[in-house]
Amino acid sequence: MTQLSDRVLNMATSATLAMAAKTRELKAEGKDIIGLSLGEPDFNTPDYIKEAAIQAINDNYNSYSPVDGYVDLKDAIITKFKRDNHLTYTHAQIVVSTGAKQSLANIAAVLLNKGDEVILPCPYWVSYSDIVKLNEGVPVEVKTSIENDFKLTPKQLEAAITPKTKMIWYSSPCNPSGSVYSESELRALADVLQNHPDIIVVSDEIYEHINFIGGHASMAQFDDMFDRTVTVNGVSKAFAMTGWRIGYIGAPEKIARASTKMQGQITSGANCIAQRAVITALNESPSRVQFMIDEFKVRRELILGLLNEIEGFKTNVPEGAFYVFPNISFFFGKTLKGKKIENATDFSLYILEHANVATVTGVAFGNPDCIRISYAASQEQIIEAIKRIKEAVS
């Protein structure tokens, strides 16, 4: 028999992708499943971006692309960072990858040695922990609370730091909570890190433009943090380009060059046609996709209003992304239709079975008291889904 590696045997399956696969399986069986589990906009990629891809095909872009991305795509990324974030990067500090997930995997691979610790404010994006473990690092989970909008405090950060701390990873706007760190909140965390100059910050800003409070703050915007921050971004969410698989980083040159070296042995350059389309996406004003953000805000108000009518759901108001992360610990220890609910996983599976609504357990995000519900779905689907959930738990 083939003996699989300990590496893959010890790795968890992505909970979001697993639930999406289960949803597709149940739909194929004829069940009327409403999928609110996957972090994917339900809009089509805007036509002006698709037209750029078609032009690239007609222009015969079909050869291997540079490992770290086309120069003119790097130009567009540099322009975007300057325009949207007031960050100044050089070509040598930019690396284009096959999605922001690969960008994160590169960072872990080039910076972590066995036993190095990475602070992860909980909840965190589902793959952070396993990417760290895969590279022999140690995830250090720091629990936050819904009362504090799931944000890490300076006191918590200081308490989590040890001599083995190598990095802190976080996302803002956050997947799964939708929390957005303000400039003052980031500054307070940066002040703590001034006492620990060797710690690298990885700021995942993939949901940057899906922001309902106006203004986006980046850790790298502080002069005393720029040279120790890796800013991760991409086009999947704000531009509805999840399947195009383009992410990128702005980073200290040493880290960027190492990431290019690593990527050269794993996948080489990202898809050539997708890169050409992203040049257009980033060079255009973000206002061209504002219609999506406006609709997400309407849906946020809709889903929060409906969830707050259900006894046992405790919510806060997410400031970005397209998720709500309600605390459902009220149901723990209770029996619903013969099923005893012990944790968020039980509850999520119960909802799938009895309401035909797919969500994701908060356990996968480092918070066992919550579930993640995506509102990247039509208003009609949201209304029907929450109606089903309400009936299932009444």
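Modeller: A charge is said to sit over a ring if NZ of Lys or CZ of Arg is within 6 Å of the ring centre and within 35 degrees of the ring normal. The model shown here is predicted. In this model, the charged end of Lys334 sits over the ring of Phe330, at 4.2 Å from the ring centre. A second case involves Arg288, whose charged end lies over the ring of Tyr48, 3.9 Å from the centre of that ring.

A search of the whole structure finds 19 aromatic pairs. Ring pairs connect Phe43, Tyr207, Phe291, Phe296, Phe322 and Tyr323 into a cluster. One member of this cluster, Tyr323, brings us to a strand, since E9 covers residues 323-324.

E9 belongs to an open sheet of three strands, ordered E9-E14-E13 and paired in the antiparallel sense. The edges of this sheet are taken by E9 and by E13 (360-361); each has a single partner strand, so one side of each is left without a neighbour in the sheet. The contact between E13 and E14 (residues 371-374) consists of two bridges, and the two strands run antiparallel. Within E14, Ile371 is the residue that stands opposite Thr361.

E8 pairs with strand E2 (residues 94-97) in the antiparallel sense through four bridges, and Val96 stands opposite Tyr248. E8 also pairs with strand E7 (residues 229-234), again antiparallel and again over four bridges. There, Gly250 of E8 is the bridge partner of Thr231.

Leu134 lies in helix H6, which comprises residues 128-134. Why is Leu134 counted as partly exposed? Its relative accessibility is 37%, and the class of partly exposed residues lies between buried, under 20%, and exposed, over 50%.

Notes:
Residues are numbered from 1 along each chain as its sequence is written. This is a predicted model: local features need pLDDT of at least 70, side-chain atom pairs count only at pLDDT 80 or more; totals for chains, interfaces and linings use all residues. Side-chain values use heavy atoms; hydrogens and water are left out. Rings of Phe, Tyr and Trp (its six-membered ring) pair if their centres lie within 6.5 Å; planes under 30 degrees apart count as stacked, over 60 as edge-to-face and the rest as tilted. Two strands pair if DSSP finds at least two bridges between them. Buried means under 20% relative accessible area, exposed over 50%, partly exposed in between (1.4 Å probe, protein chains only).
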